[in-house]
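This report looks at side-chain contacts: salt bridges, aromatic pairs and charges over rings.

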Amino acid sequence: MKKRLVLILSILLLSISLILPLVSCKKNTDVEPEKKEVIPYTFVDGSSIYIKMGTYPQTIASVSADTIKANGTYDEQTGYYTYEGSLYKLVIAHPCTQEMSAVFSDGQSVVEGKEYAFKVEDIIWKLINKQLEEEDYFAYSNKVLDTAIYQQQAKIGKASNNVYYLYDSNNRLQIEEEIYANNWEYSVLRSALAQFYNIAFNEDNKTAIKQVDNVNSSQDSGGDYFPSHQNNTKDYVFCLSKAQASNSRYGFTDEDKERRLREVTDYAIAKGAFYIETTDGAKFGWIWTRTAAQTSNSVYKITTTGDITASFINNDDDLKIGYVPAMRITKI
């Protein structure tokens with residue numbers, strides 16, 4: 001009897017030892033892996049950290065502008081149409097024709113003067129100071145989102161000393177003689193970015209975006225350029241300076257210049273952005289910096305190869321350069 005009881009207990013223990021791993025395995029497959037957020041509204045791609053914040057027109061729509069106008073609802077405040085649950089922006093295309101034929105991401109050629117619809121989508125920003133112990137996050141858009149002129153041609157005037165100044169409507173110097181045509185503080189580009197800030201972000205977004213005291217002097221902006229007087233400016237959204245776009249702390253160096261490259265959106269293409277398409281289909285565009293260059297009518301830009309060169313702001317090329325917004329976000 002005793003031997004029989006021992007045998008029964010041994011069988012029970014063996015059965016339990018075989019069943020437990022199966023139960024344990026089933027339990028583990030039902031549990032989702034822990035999802036770790038670096039900071040709110042972020043995601044990680046390889047070694048880079050990105051955020052989705054704000055919205056802006058980007059990709060060509062799969063429906064026509066006529067269909068959206070006929071069946072959508074227009075919001076005068078935002079300038080967007082709502083159609084079948086999505087937001088769209090309608091724009092008449094004026095594509096760049098300089099050494100290129102503009103093509104959207106869906107393969108269709110861009111027709112001058114034709115109206116197109118673009119889907120309003122999340123803006124993706126790369127945190128370029130993710131490894132640094134700074135008091136905020138430095139975010140740089142992952143795309144060329146739009147185009148803008150640097151300054152109105154009507155306000156640029158050449159004086160007898162061959163220097164380009166800003167003039168008002170009465171052909172008088174707008175501020176004073178040291179306010180040259182390439183001044184960031186009074187530029188149309190800076191105003192365009194202020195408008196972008198109000199369009200792209202809701203009030204919750206804006207509480208996280210810091211107002212930055214941007215240094216624009218020749219010594220701190222990265223240029224041994226024409227001695228243009230540049231005041232510091234307070235900006236929520238801005239273009240990088242030449243110095244920032246050359247700073248290894250943010251991952252930008254001349255040896256690794258392709259890190260400066262950004263692809264153009266379909267919306268920017270329709271607005272006239274110049275780009276070069278690579279063999280693998282990437283479309284890299286020209287990008288403004290906010291730094292004055294060697295002459296009173298030139299500003300530094302990032303080229304389609306990642307180099308930083310001067311660009312005149314009183315010719316047609318000015319209309320083909322896009323902007324990649326930057327901003328600082330409060331750490332949470």
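## Salt bridges

A salt bridge is counted where a side-chain nitrogen of Lys or Arg lies within 4 Å of a carboxyl oxygen of Asp or Glu. By this rule there are nine salt bridges in this structure, which is a predicted model.

One of them joins Lys 210 to Asp 136, with the closest N and O atoms 3.3 Å apart. Lys 210 is partly exposed, at a relative accessible area of 24%, whereas Asp 136 is buried at 5%. Asp 136 and Lys 210 are also linked with Arg 328 in a network of salt bridges.

## Bridges within a helix and between loops

Glu 203 and Lys 206 form a salt bridge whose closest N and O atoms are 3.6 Å apart. Both residues lie in helix 4 (residues 203-208), where a spacing of three residues is about one turn of the helix. Glu 203 counts as exposed, with 56% relative accessibility. Lys 206 has a value of 16%, and since buried means under 20%, Lys 206 counts as buried.

Asp 307 and Lys 257 make another salt bridge, the closest N and O atoms being 3.0 Å apart. Asp 307 is in the loop between strand 19 (298-302) and strand 20 (308-312), and Lys 257 is in the loop between strand 14 and strand 15, so the bridge ties together parts 50 residues apart in sequence. Asp 307 is partly exposed, with a relative accessible area of 29%. Lys 257 is partly exposed as well, at 27%.

## Aromatic pairs

The count of aromatic pairs is 17. In one of them, the ring centres of Phe 138 and Phe 238 are 6.2 Å apart and the planes meet at 40 degrees. Planes under 30 degrees apart would count as stacked and those over 60 as edge-to-face, so this pair is classed as tilted.

The pair links distant parts of the chain, 100 residues apart: Phe 138 sits in strand 7 (residues 136-141), and Phe 238 in the loop between strand 14 (233-235) and strand 15 (263-264). Phe 138 is buried, with a relative accessible area of 0%. Phe 238 is also buried, at 1%.

Ring pairs also link a cluster of residues, among them Tyr 56, Phe 104, Trp 125, Phe 201 and Tyr 323.

## Charges over rings

Arg 328 has its charged end over the ring of Phe 138, 4.1 Å from the ring centre.

The charged end of Lys 301 sits over the ring of Trp 286, at 4.8 Å from its centre.

Glu 84 is located in the loop between strand 4 (80-83) and strand 5 (86-92). With a relative accessible area of 69%, Glu 84 is exposed, because the cut-off for that class is over 50%.

Definitions and conventions: Residues numbered from 1 in each chain as written. Predicted model: local features only at pLDDT ≥ 70, side-chain atom pairs only at ≥ 80, totals over all residues. Heavy atoms only, no water. Phe/Tyr/Trp six-rings, centres within 6.5 Å; stacked < 30°, edge-to-face > 60°. Helix = DSSP H or I, 4+ residues; strand = E, 2+ residues; numbered from the N terminus. Buried < 20%, exposed > 50% of the residue type's maximum accessible area, 1.4 Å probe, protein only. Lys NZ or Arg CZ within 6 Å of the ring centre and 35° of its normal.
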